[in-house]
Amino acid sequence: MKLSLNWLRDFVDVDLPVAELASRLIDATAEVEGWETIGANWDPERIRVAEVVEVAPHPNADRLRLVTVNDGEGRQQVVCGAPNVAVGQKIAFATEGAELVDGHTGERARLKLRPIRGVDSAGMVLSEKELGLSDDHEGILVLAPDAVPGRPLVEQLGDVVFDISTWANRADLLGVMGFGRETAAITGKPLREPSTAHGESARKASEFVEVSIEAPDLCPRYTASVIENVTIGPSPAWMQERLIRAGQRPINNVVDITNYVMLETGQPLHAFDYDFVRGKRIVVRRAEEGERLLTLDDVERVFDSEMLLICDGEGPVAVGGVKGGGNSEVTEKTRTILLEAANFRAGSVRRTSTYLKLRTEASLRFEKGLGAEVPEYAQHRALHLFEQLAGGTPAAGIVDVYPGAKPPRTIAVTSARIEQVLGIAVPAEDVRRILAALGFGVEENTPGQYSVQPPDWRPDVEIADDVIEDIGRIHGYHRLPTTMLRGQLPEPERDPVRDLRERLRDLAVTLGFQETLSYTLTDRARLARMVPDSDSLRSEPLGVVNPVAAQHTFLRTSLRPSVLETYAANRHHEAGALRIFEVGFEYLPVEGDLPHHRPVLCAVLGGLREGRWPQAGTERLDFYDARGVAEAALQRLGIPVNFTAVSEFGLLPGHTAEIRVGKDPVGILGQIHPDNAALFDLTEPVFLVELWVESLARHLPERPAYAAPSRFPEVRQDLALVLDSETPAGRVLELVRSHRSGQVRIGADIFDEYRGPGVPAGKKSLAIAMRFQSSERTLTDADVAKVQSGLVTRLAKEFGATVRGG
Amino acid sequence: MSNVSALEGLREEALAALAAAPDESALEQWRITFFGRQDGRVTALLRAIKDVPASERAAYGASANAVKQELEGALEGRREALKQAALRALSTESALDVTLPGRPQVIGRLHPVTQTMRDCLKAFGDMGFRVAEGPEVEWDRYNFDGVRIPEDHPARDMWDTIWVNTLIDGKRHMLLRTHTSPNQVRVLERTPAPPVRVVVPGKCYRQEATDATHEWMLTQIEGLAVDEGVRMSDLKGVLYEWSRQMFGQDRKIIFHHSYFPFVEPGVEMAIDCFICRGNGKECRTCHGTGWIEILGAGMVHPEIIETAGYDSSKVTGFAFGIGVERVALLRWGIEDIRNFYANDIRFLSQF
Ligand SMILES: [Zn+2]
């Protein structure tokens, strides 16, 4: 909301500098986003109030006039082109050298006087635009009639307007008085309340109108007053000025008074033209399903049966707490006003305004919860102003239907609880002073035992801790020391899947991959690039109702499209090898329940391998790089895996392997199928490694299987085998590595695979470097020969292998 | 005397040949020529000692041995000199251009948001906080009702929600969590008795427009400590320590009044601006205020403590919520939050 410092000063003296006031309010009350100083550039010597004493025609121009003003020191003649200048007006008058906004160019410049059409001008009568108040340059600014000629304009009209956002539970802070009270509490100055005094006629308000509430759950209170013989006209300049600064458009004195009182107290009011209230009755009831009303903004609204309507003897005249109807609107002809000030249930107003898509100043206040006592106060304040500014006579008394009346609330607050919550003791005199300044009743019957009555405009205060917050924020959180948690440490939160997920992240980084994070919401077309229709789980992702953009409509069921898209995007500017990964969830739908959040590491690599500097790299990363990544990571985790050729949508057959622990799949790797890669505009070979964290976690050893290095030397020997071309080399290697003979273990690596001359057709040669080692003794040649011959026999039996040249 | 003169002649010849030997293989050739086991010329002279008359034998033997030792010493000297010369050449003629770049080694990096998340979790972990994750796709009753934000409550405006398109009993109850607070409720639900001390990291989602400081997908860390004797000053102490870990030991913090339905009292915490140190009228980071708003926090509302089955007259707690991207933006002076999920390696590889 916009808070005028001048208006605030009606309620409390403020002698703090503006920035200091803002900072104190931020600490204790609400978020001051900034402020605007009105009149910061108005030179008090050169821009002052003056009175128009004579208006005469310009001798040389029809559209100009010679205006004589009294600037408090004497008469001055100026040339003026404004159509609205008139004798008796108080106006803003500038003399040579004043800094103004140029009415035409909008630029700031110092006033330089020169003759206009042959007549000298002693100064200038200013428009709002020239003062920087608005863009209005049609006519001159007319000041309040009581403005004193000669007074610097900055004193007359200068102000500071704060832009404040208040919290969702404080409707009272949507009134200037609320800030008056807060400021009084913060600064220790007394609060001044505005006048609510007014006279009344002999006829009672209840003789004018009868009020009944048929939905007391939605309307705890409805008050109505009647003002006769009002004269509709513009409201006074000072009121219009305040409304404008608060961001409201002045309309007429009646509407302006209702708005003014709302801005002051936070309580919305509504003025009906009494003569259009049919049956002289107000009925507050739920709407009938489908009932309609043309609201003041000329829109026909349709209601459901949970919405509250204000009706007269024949039908709806307003939407309770939201907006008035056009059928009872105050016009220039209005003579008698029916003034409503009511209390509505916050949630109901919010629901209605949400469903109608109609957020109003009134609904914004009601939905935050207003006190049920405030309407009465607001009525008297408004009646005071009606009497003063609209010439009306209030009927006697107020019609007050109050089915929701509650006894005053009392909350017990102890000094022990204050200390328990805040961590510091607050002296009793501070507790009393702070609460009293905020309008609470406080009694301390026993030392440290407070009996607190929250003010009725603070329905947000429900429990002791709410009161303690008010004490704490005004006392100042800067008084709290910084202490450390005490007591026992809690039980650990075990989450092995999370732990493994984070280890995998680190391993991927260790292996040279850059982590990326992409949006978890995607669209079906993108998902379909890597997810087949036949995958019923992943091709039917969960959607959202209100996506931020169409391409973020579905929760991704695969990370592959995201990571490939990231790869492709980076390929535009990255010439060399690319290694990227993402760790995230697949959101797999579960009938009637939250989706399964399945954690996955998805890595993609491709491009030219780093060169042997200073030669450029010409060799591409390939399948075996991808496999090496998987092997290194899994070996580091101590999870023994095997690789089996499989086919998978989106991956190239013959270049794809499932990673398994025993028979349990824990991941997949392979080359992205060129057809699918093309969907990402990728023409190069790209390889995927995906590890499934939950599956892997089941096989993660608690600690690594460890063996002390043998004290005895190892014997190295190479073995060349001839096998059928189709025999998977990995199986052969597995067998060699797993072969045991007594205490002898074999370490083995493949160092060559060969097909061609010297090897029969349909066969291949496999060269294996072997290391024989015993944990008990130094092996002799004979020992090694014995182990090897046993191994060769097994290889022959298992794979039909023969020893090459053997 | 002819034997002795022959000895002298051989010595001179051998020394001359040695001085002329340019490299290790010439030295080896020289050694074979003069000291070869079979027909080395010095070897032959030594062997010839038996042909020398007995009267001269002792003198001849002494001379021959002296020559042998001298020549052996000379060989070692020559070998050492050649080695030194070779090393000199290696560091002069064969000197490298050390300004040329090294061979590229592959090194990966964590995303800056992950790094920041890890650093935060480490800071809280050091203060005894456990890590507890919860689902990103959540029930509305955890996201809102369980943290005291019923339907039709204006505080729902603080979080613009993305709803999941699933109808259950004719209503939508599933949403993308707008904050990590729902996991407060989940942790309390499964913890039969205090103490509770957890941090909840994870992604959250907001239905809002993206700009330099707002993303619709964001990462939060929720903190929750519940026990007898947990005070607001402890909240201040824990957050102070975290601020110093993340933004420097000389950081200052301040609490401002704020409102979140699930805490009472509620505050927002700011740290003093470490960019301008409070003297920057034009500072883009703190907008000249000297303070940077960084997180929301407060004391857990007693109703939530009671719902957990704890006695709120004895048990108190605090909670806080940190936007990880915001912390990352601040610590590295990054100007646009959209960089994080644009995934340009040229950006990511700098952190
Ligand atoms: Zn700064």
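The axes of helix α5 (residues 112-125) of chain B and helix α10 of chain B come within 9 Å and cross at roughly 100°. α5(B) and α10(B) are therefore roughly perpendicular to each other. That word covers angles of 65 to 115 degrees; under 35 degrees counts as roughly parallel, over 145 as roughly antiparallel, and the rest as oblique. The α5(B) side of the contact includes B:Pro112, B:Val113 and B:Met117. On the α10(B) side, B:Val327, B:Ala328 and B:Trp332 are among the residues involved. Contact means heavy atoms within 4.5 Å.

This is a predicted model: local features need pLDDT of at least 70, side-chain atom pairs count only at pLDDT 80 or more, and totals for chains, interfaces and linings use all residues. Residues are numbered from 1 along each chain as its sequence is written, chains are lettered from A and ligands numbered from 1 in the order in which they are written, and side-chain values use heavy atoms, with hydrogens and water left out.

The table sets out both pairs. Axes are lines fitted to C-alpha atoms, for helices over the stretch in contact, and angles run from 0 to 180 degrees between N-to-C directions. Helices (H or I, at least four residues) and strands (E, at least two) are DSSP runs, numbered from the N terminus.

| Helix pair | Axis angle | Axis distance |
|---|---|---|
| α5(B) and α10(B) | roughly 100° | within 9 Å |
| α8(B) and α10(B) | about 50° | 10 Å |

Helix α8 spans residues 232-247 of chain B, and α10 spans residues 324-332. α8(B) and α10(B) are therefore oblique to each other. B:Trp242, B:Met246 and B:Phe247 in α8(B) meet B:Val327, B:Leu330 and B:Arg331 in α10(B).

Buried means under 20% relative accessible area, exposed over 50%, and partly exposed in between (1.4 Å probe, protein chains only).

B:Arg277 sits in the loop between β10 and β11 (291-300) of chain B. At 52% relative accessibility, B:Arg277 counts as exposed. B:Arg277 also has a positive phi of about 55°, although it is not a glycine. B:Arg148 has a positive phi too, near 65°. That residue lies in the loop between α6 (140-143) and β3 of chain B.

The bond from B:Pro194 to B:Pro195 is cis, with omega near 10°. B:Pro195 is in the loop between α7 (182-190) and β7 (196-205) of chain B. The bond from B:Glu264 to B:Pro265 is also cis, with omega near -5°. B:Pro265 belongs to strand β10 (residues 263-272) of chain B.

Chain B also has an open sheet of three strands in the order β2-β6-β3, with antiparallel pairing. Its edge strands are β2 (137-139) and β3 (162-163), each pairing on one side only. Two strands pair if DSSP finds at least two bridges between them. β3(B) and β6(B) (residues 174-176) pair over two bridges. B:Ile162 has B:Leu176 in β6(B) as its bridge partner.
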